[in-house]
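User: Could you take me through one part of this structure slowly? I would like a close look at the packing inside, and I am new to this.

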Amino acid sequence: MIDVNRRGEVWVFAEQHGGLLEDTPIELMSKGRHLADILGVGLGAVLLGDNVKALAAKLIHYGADKVYLAEHPLLEHYQANSYAKVFYDLIHKYKPQIVVYGATAVGRDLGPRIASVTKAGLTADCTDLQIGDHKTTDGQTHKNLLFQIRPAFGGNIIATIINYDRWPQMATIREGVMVMATPDTKRKGQVITEKVELSPQELPIEILEEHTRAKKVDLKAARIIVAGGAGLGSKENFRLIWDLANCLGGAPAATRAAIDLGFIDHDHQVGQTGTTVRPSLYIAVGISGAIQHQSGMSQSQKIVAINNDPQAPIFDVAHYKIVGDLNEVVPRMIKAIKEKGFKETSSAESK
Amino acid sequence: MTVVYNCVVLVKQVPDTKRITGKAMNDDGTVNRAALPAIFNPEDLNALEAALDIKDRFGGTVTVITMGLPAAVTTLKDALYRGADEAILVTDARCAASDTLATSYILSCAVKRIKYDIVLCGRQAIDGDTAQVGPQLAEKLGIPQITYVEKPVEIEGRTITAQRNAGNGWQKVKAQLPVLLTVTGQANVPRVAAAKKMMKYKAAMTPAGIEQTLKAENAAATPDEIKSLAAHKAGELEKKGVLIKQWNLDFLKADLTWCGRNGSPTKVHRIQSVVLASKETKSIEPTDDGLSGMIHELLEDKIIA
């Protein structure tokens, strides 16, 4: 058990694969920096792997004061036991007050294992982190706790979770919800090289094969997203989404309902169980606007919603409300766009 | 020598969060669980199916454990209908308010009382979506975890091979038993209840369930009479192999420091209903002019270029 340590640092798990940093830890660095500044403590990045030292500079550019570097040939490939052991030893030695991980496949595999060893709290899949005070029922006030904010009950409620008696305060953070900062290449920081002792017994899993699947679409990077819902009615009719996306140079996306109906591949899903996006423009076509979907797109700069039901909840978050039959509105919109001199791109292909 | 495998499946009864309507939310933002149907957590059905599949192919046993209120017995019966050999209800008022860490501790105490080769959990439960109990339980049992298993597994002797979803792709991994698996909804199609099993397990009950029923049926009976009737009935059910075991924290010899609210480092600071961001919404006529005007505005605002 780690005691409450008010001077402890804020740590971010710097997840890397094959010597490349994932996006999520870089997104977390900007949030981590913000939290560390409020608390007046340092920001540490925890970098585990083999021959990954070169990544330390990048982490410093993105806001780390210190990079805790643990290199070992047996850390080349992630696995829960070995990574948890090394990470736990670091937590035990340096006693950070906050540790955050990306809610990636690795973060969600590793975080709970570390939480179990440290007997500390871990809140899954947070969408925001803040610093605040908590008053317990017996009147005690705990100052400057990590507010771990996450949707619960299928996105119907937002819960703020804290831990005040057993530290570190730990959370996994959804991919894409924190905004990546601009790197400062002049920033200086410290690299602390840790001695790692591992034996093959600490790697009970043998990886026989590994296949990476390239995402069919990078929704996080798209400036314009055109998303379709169950209201499109059929895979054939979903063609309208591709057409509108193509003429705007945007990416086609969909709700979970549309994906479950087989209109488009899962990679295109926006929402709580899909990707969180914040493009300049989000056009929602035939989407009623379930909370689970809204939680993944409501941060878009401008939202256009097309639906034949004037009461559809999607209109609550829309900047432009168009009530009408999408089969008429979308072709008209394409026509209006083309009249403004847009050239159709062929970057997005319907399959 | 034939090798058989003992599987333990951890399941959870959950409110059907996909069916949450306005009525299911209290004014203070908390969930009115009474308004929601309780269901078998979907991916726990995939974990159960994976275990039943192992039993079908290699032989062995499938034991299902749940921690929850006495009402969770319906989930255990459902598991028995689908082919589980034995069901155990871990129930105790002192389990209340357990977070994932406390839950995994209590479950580890229960699993340790059983001879097991493979522990299986659903990837995550739909009420919390945390996916934490599986890895935490593996750590507490001191065994390796293979999370996000997305295909039926292969086993040879004491070696298990599984394909897992690695987020941006998939991995095929190998480990020595015992091991804990978390199973995704893609791994298999859960079998449905079998009529024969339903006949057999329809009468299945826990000792607490028996007492409750007897109390309702014999309003005039003294507590001692109920006790003796219950013991008799439990004996009958046990003989038929349809007594659902019920374990409390004393039976598990659980250290109460790590159970329930005390054992849970995470606490709720606040619960809020999701309030939709109210924005200034501009209505656009679905006409050529209306749409053209909107596109013009988006261009002016440099939203599109």
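Analyst: Happy to! Let's begin with I106(B), which touches M67(B), V90(B), C95(B), S98(B), L252(B), A254(B) and C259(B), leaving out residues up to four places away in sequence. Please keep in mind that this is a predicted model.

Now let's step back to the surroundings. I106(B) belongs to the largest nonpolar core, which has 145 residues. Within this core, the residues that touch the most other members are L47(A), L59(A), V9(B), I106(B) and L120(B). Helix α3 of chain B, residues 100–111, supplies the largest share of the core, with eight residues. Another core, of 52 residues, lies apart from this one, and its members include L244(A), A245(A), F315(A) and I337(A).

R223(A) sits in the loop between β13 (206–212) and β14 (224–228) of chain A. R223(A) counts as partly exposed because it has 15 C-beta neighbours inside 10 Å, while a buried residue needs 20 or more. Setting aside neighbours within four places in sequence, R223(A) is in contact with P279(A) and S280(A). The C-alpha atoms of R223(A) and G249(A) are separated by 8.8 Å, although these residues are 26 apart along the chain.

K95(A) is found between α3 (80–94) and β6 (98–102) of chain A. K95(A) has 16 other C-beta atoms within 10 Å, so it is partly exposed as well. The phi of K95(A) is near 50 degrees, a positive value in a residue other than glycine. Most residues other than glycine have a negative phi.

Methods: Residues are numbered from 1 along each chain as its sequence is written. Chains are lettered from A and ligands numbered from 1 in the order in which they are written. This is a predicted model: local features need pLDDT of at least 70, side-chain atom pairs count only at pLDDT 80 or more; totals for chains, interfaces and linings use all residues. A nonpolar core is a set of buried Ala, Val, Leu, Ile, Met, Phe, Trp, Tyr and Cys residues joined through C-beta atoms within 7 Å. A residue is buried if 20 or more other C-beta atoms lie within 10 Å of its own, exposed if 12 or fewer, and partly exposed in between; C-beta atoms are placed from the backbone. Helices (H or I, at least four residues) and strands (E, at least two) are DSSP runs, numbered from the N terminus. Two residues are in contact if their C-beta atoms, placed from the backbone, lie within 7 Å.
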